[in-house]
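Please read it with the coordinates open alongside.

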Amino acid sequence: MVRSMTGFGRHEATVDGRDIVVEIKSVNHRYYEFNCRTTRGYNFLEEKLKSYIKEKVSRGKIDVYVSLSQKEDTESIVKINPSLAQGYINALKKLSTDYGVTDDISVSTVAQYNDIFQVHRAPEDEEEVWNAVKEVLDVALDNFIKMSRRREDEG
């Protein structure tokens, strides 16, 4: 188990159609303190990351950042917020009449207001996601441990 906990490790890869980035940073600390940030919707990874890293790192203030994109073939459903879309259309028409601006409202004009769209994605298999993240995490951890050992040898 590594003793000196000041270090940094990073790795990024595409695994099973997902782009994954894992960064691990730490500073010396008397105890094991873990902080994690993940891409929205992947919070289930935090506890797995904490216990997995704890097996390899004995102490330190550990900050982990995990970024991952959803699998390319994951089904997505896009819904329109009708009241918001109607609000934009009414405001554009009022702009046209009140200020004499040419009324050229089109679907592409309204679509520029991306908050009218709500994107819903099908849930992913958590175990499949964890295995993909763990593959990238292992390399980032190796890089982190190598750097920590180098610092320990220098100190």
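Predicted model: local features only at pLDDT ≥ 70, side-chain atom pairs only at ≥ 80, totals over all residues.

| Pair | N to O distance |
|---|---|
| Arg10 and Glu23 | 2.9 Å |
| Arg18 and Glu124 | 2.7 Å |
| Lys48 and Glu127 | 3.7 Å |

The salt bridge between Arg10 and Glu23 links distant parts of the chain, since Arg10 belongs to strand β1 and Glu23 to strand β2, 13 residues apart. Arg10 counts as partly exposed because its relative accessibility is 33%, and Glu23, with a relative accessible area of 21%, is likewise partly exposed. Together with Glu12, Arg10 and Glu23 form a network of salt bridges.

Arg18 and Glu124 form another salt bridge, with their closest N and O atoms 2.7 Å apart. Glu124 sits in the loop between β6 and α4 (126-154), whereas Arg18 is in strand β2, so this pair ties together parts that are 106 residues apart in sequence. Both Glu124 and Arg18 are buried.

For Lys48 and Glu127, whose side chains meet in a salt bridge, the partners lie in helix α1 and helix α4 respectively, so the pair ties together parts that are 79 residues apart in sequence. Lys48 is partly exposed, at a relative accessible area of 28%, and Glu127 counts as partly exposed at 42% relative accessibility.

The strands that carry some of these residues belong to an open sheet of four strands, in the order β1-β2-β4-β3 and with mixed pairing. Its edge strands are β1 (7-15) and β3 (32-38), each of which pairs on one side only, and the twist averages 10 degrees from one strand to the next. Helix α1 (residues 45-54) packs on the sheet, where it touches β3 and β4 (60-68), and its direction makes about 140 degrees with that of β3. Within the sheet, β1 and β2 (residues 18-27) pair in the antiparallel sense over nine bridges, and Val15 stands opposite Arg18 in β2.

Elsewhere, Val78, Ile80, Phe117 and Val119 make a nonpolar surface patch of about 350 Å², to which β5 and β6 (117-121) each give two or more residues. Phe117, in strand β6, counts as partly exposed at 31% relative accessibility. Ile77, found in strand β5 (residues 76-80), is also partly exposed, at 43% relative accessibility, and touches Gln118, Val119 and His120 when residues up to four places away in sequence are not counted.

Technical notes. Residues numbered from 1 in each chain as written. Heavy atoms only, no water. Buried < 20%, exposed > 50% of the residue type's maximum accessible area, 1.4 Å probe, protein only. Contact = heavy atoms within 4.5 Å. Patch = residues over 30% accessible without salt bridge, like charges linked within 9 Å, V, L, I, M, F, W, Y side chains within 5 Å. Areas by Shrake-Rupley, 256 points an atom, 1.4 Å probe, with all protein chains shown as cover. Salt bridge = Lys/Arg side-chain N within 4 Å of Asp/Glu carboxyl O. Pairing = 2+ DSSP bridges. Axes fitted to C-alpha atoms, helices over the stretch in contact; angles between N-to-C directions.
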